Amino acid sequence: MANVVLPDAVLVKNYVGGDETALATLIERHQSKIYGFIYSKVMDREITEDIFQDTFIKVIKTLKSKNYNEEGKFLPWVMRISHNLIVDYFRKSKKMPYHRETEEFSIFSIMTDNSPNVENRIISEQVEVDLQRLIEELPEDQKEVLVMRMYQDLSFKEIADLTGVSINTALGRMRYALMNLRKVIEKNQIVLTN
């Protein structure tokens with residue numbers, strides 16, 4: 001009998017049902033893509049391995065708690081987790097630059113408060129809500145590419161690999177998504193600025 005390649009969704013279901021080998025199969029199937037993605041962002045093998053392990057610890061916890069509901073989109077979900085962990089890593093590792101007070105330089109010349117005031121924060125949140133609502137109205141294939149590109153920061157090559165289409169198709173879907181958003185914004189005279 002030939003080897004049957006089970007879809008990710010079946011393997012996830014089997015793992016949640018108690019089959020530990022299903023997770024090993026999922027990790028083996030996707031590890032090079034996920035590892036490569038992490039490494040391309042942090043450019044350090046040790047940090048990549050740490051983030052890779054943390055990614056799957058989070059995956060295991062989520063699956064064990066039965067909170068996973070990505071409807072067959074296992075790899076994009078794991079990529080999103082690893083992307084968030086990469087962002088967390090960079091946030092934590094950011095060091096404050098050291099500046100010494102001299103006659104030519106005062107620390108107060110570079111200290112500014114760039115945090116938005118309450119009004120700007122409310123406007124930004126409303127713009128984000130409006131934009132999310134508009135994105136939800138896009139056709140599924142266009143929405144998927146737009147979200148992967150804008151919110152998950154994936155390259156068009158990565159998007160093409162994850163969605164199983166050519167790079168040109170991924171680019172085309174992004175182009176149509178932006179054109180459709182622009183049409184809806186102009187038609188409804190929506191202002192998306194703060």
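Helices (H or I, at least four residues) and strands (E, at least two) are DSSP runs, numbered from the N terminus. The model is a predicted one, in which local features need pLDDT of at least 70 and side-chain atom pairs count only at pLDDT 80 or more, while totals for chains, interfaces and linings use all residues. Residues are numbered from 1 along each chain as its sequence is written, and side-chain values use heavy atoms, with hydrogens and water left out.

**Exercise 1. Find the element that holds His83, decide whether His83 is buried or exposed, and list its contacts.**

Step 1: Look for His83 in helix H4.

Step 2: Apply the cut-offs: buried means under 20% relative accessible area, exposed over 50%, and partly exposed in between (1.4 Å probe, protein chains only). His83 has 13% relative accessibility, so His83 counts as buried.

Step 3: Now turn to contacts, meaning heavy atoms within 4.5 Å. Leaving aside neighbours within four places in sequence, His83 touches Phe37, Tyr151, Gln152 and Asp153.

**Exercise 2. Describe the chain as a whole: how many helices and strands does it have, and what share of its residues is buried?**

Step 1: Count the elements: there are eight helices and zero strands. Along the sequence the pattern reads α-α-α-α-α-α-α-α.

Step 2: Of the 194 residues in the chain, 29% are buried.

Step 3: Consider contacts between residues at least 6 apart in sequence; 54% of these join residues at least 24 apart.

**Exercise 3. Work out which residues of H1 are buried and which helices they pack against.**

Step 1: The buried residues in H1 are Asp8, Leu11, Val12 and Tyr15.

Step 2: They lie on the same side of H1, because they cover an arc of only 100 degrees around the axis (the arc is that of the directions from the helix axis to the C-beta atoms).

Step 3: After H1 comes Gly18, with a positive phi near 115 degrees.

**Exercise 4. Explore the largest nonpolar core: which of its residues touch the most other members?**

Step 1: Recall the term: a nonpolar core is a set of buried Ala, Val, Leu, Ile, Met, Phe, Trp, Tyr and Cys residues joined through side-chain atoms within 4.5 Å.

Step 2: The largest one has 40 residues, and Ile34, Ile38, Val59, Leu63, Phe74 and Trp77 touch the most other members. Among the elements giving two or more residues to this core are helix H1 (8-16), helix H2 (20-42) and helix H3 (45-64).

Step 3: Zoom in on Ile38: not counting residues up to four places away in sequence, Ile38 touches Thr48, Ile51, Phe52, Thr55, Ser82 and Ile86.

**Exercise 5. Classify the ring pair of Phe52 and Phe56.**

Step 1: Rings of Phe, Tyr and Trp (its six-membered ring) pair if their centres lie within 6.5 Å; planes under 30 degrees apart count as stacked, over 60 as edge-to-face and the rest as tilted. This rule gives six aromatic pairs.

Step 2: The ring centres of Phe52 and Phe56 are 5.2 Å apart and their planes stand at 55 degrees, so the pair is tilted.

Step 3: Both residues lie in helix H3, four residues apart, about one turn of the helix, and both are buried.

Step 4: Tyr35 joins Phe52 and Phe56 in a cluster linked by ring pairs.
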